[in-house]
Amino acid sequence: VPFVNLPYILSPNMSQSNAILLHVGRVAGMLGDDADLLHLVLAQATDLDNVVTRGCYADPDGVKPYFESKLGDELKEWVKVLGDHAYITGETITVADFKVFELFSKIRILEAHFGVAVMDAFPTLLAYIDKVKTHPPLAAYIASPDYLDRPLNNPHAKFT
């Protein structure tokens with residue numbers, strides 16, 4: 001596998017989360033109609049996830065001030081992107097929705113841990129999370145014994 005990393009798949013030989021998501025999206029017909037927006041959403045979700053995850057490894061207590069001072073501004077932008085669409089890139093669910101769902105779920109777990117509720121000020125995003133969560137294949141997975149909402153990070157993180 002080039003650029004050996006986790007996660008990876010063997011057919012095709014591929015690593016990197018977004019590359020795998022795009023591959024799965026192509027195979028499953030879940031890339032939507034706006035490739036540029038799909039790529040933008042995946043990149044932006046990765047950027048925000050990196051900020052949150054980096055804090056979990058370096059200084060988990062630093063995540064709370066970030067949430068309190070900057071997360072709201074980030075979430076306002078997500079509301080704009082979602083607009084009045086059913087899903088983040090339009091009217092049909094795409095792999096980008098699963099990436100964003102996972103990110104927002106992580107944020108909700110961290111909010112609960114740190115006693116903040118920034119996302120509560122964004123009912124549109126909360127309704128969106130609920131909509132994605134009820135997508136039948138995802139809902140079935142969440143209901144299965146294979147689903148774990150934790151750990152969020154590797155065991156060597158300071159917040160798992």
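**Helix packing and the largest pocket**

Helix 4 contributes the most to the lining of the largest pocket, with nine residues. The structure is a predicted model, in which local features need pLDDT of at least 70 and side-chain atom pairs count only at pLDDT 80 or more, while totals for chains, interfaces and linings use all residues. Residues are numbered from 1 along each chain as its sequence is written, and side-chain values use heavy atoms, with hydrogens and water left out. Helices are DSSP runs (H or I, at least four residues) numbered from the N terminus.

The volume of the largest pocket is about 1400 Å³, a volume being the space filled by probe spheres set on grid points that are joined across faces, edges and corners. A pocket is an open set of points on a 1 Å grid over the protein atoms alone, where a 1.4 Å probe fits, with protein on both sides within 12 Å along at least five of seven lines; lining residues have an atom within 4 Å of a point. The lining comprises 39 residues, of which D49, F98, K99, E102 and K106 lie nearest the centre of the pocket. At least two lining residues come from each of helix 1 (17–28), helix 2, helix 4, helix 5 (123–133) and helix 6 (136–143). By class, the lining holds 19 nonpolar, 11 polar and nine charged residues (Ala, Val, Leu, Ile, Met, Phe, Trp, Tyr, Cys and Pro count as nonpolar, Asp, Glu, Lys and Arg as charged, and the others, Gly among them, as polar).

Helix 2 (residues 35–58) packs with helix 4 (residues 95–114) at an angle of about 25°, the axes lying 10 Å apart. Axes are lines fitted to C-alpha atoms, for helices over the stretch in contact, and angles run from 0 to 180 degrees between N-to-C directions. Helix 2 is therefore roughly parallel to helix 4 (under 35 degrees; over 145 counts as roughly antiparallel). In this contact (heavy atoms within 4.5 Å), residues of helix 2 including L38, D49 and C56 meet residues of helix 4 including K99, K106 and L110. The residues of this contact of helix 2 with helix 4 comprise 13 nonpolar, two polar and three charged.

The axes of helix 2 and helix 3 (residues 63–82) come within 12 Å and cross at roughly 170°, which means that helix 2 is roughly antiparallel to helix 3. Among the residues making the contact are V41, Q44 and G55 of helix 2 and Y66, E74 and W78 of helix 3.

In the segment after helix 6 lies P151; the peptide bond from R150 to P151 is cis, with omega near 5°.

Key. Angles under 35 degrees count as roughly parallel, over 145 as roughly antiparallel, 65 to 115 as roughly perpendicular and the rest as oblique.
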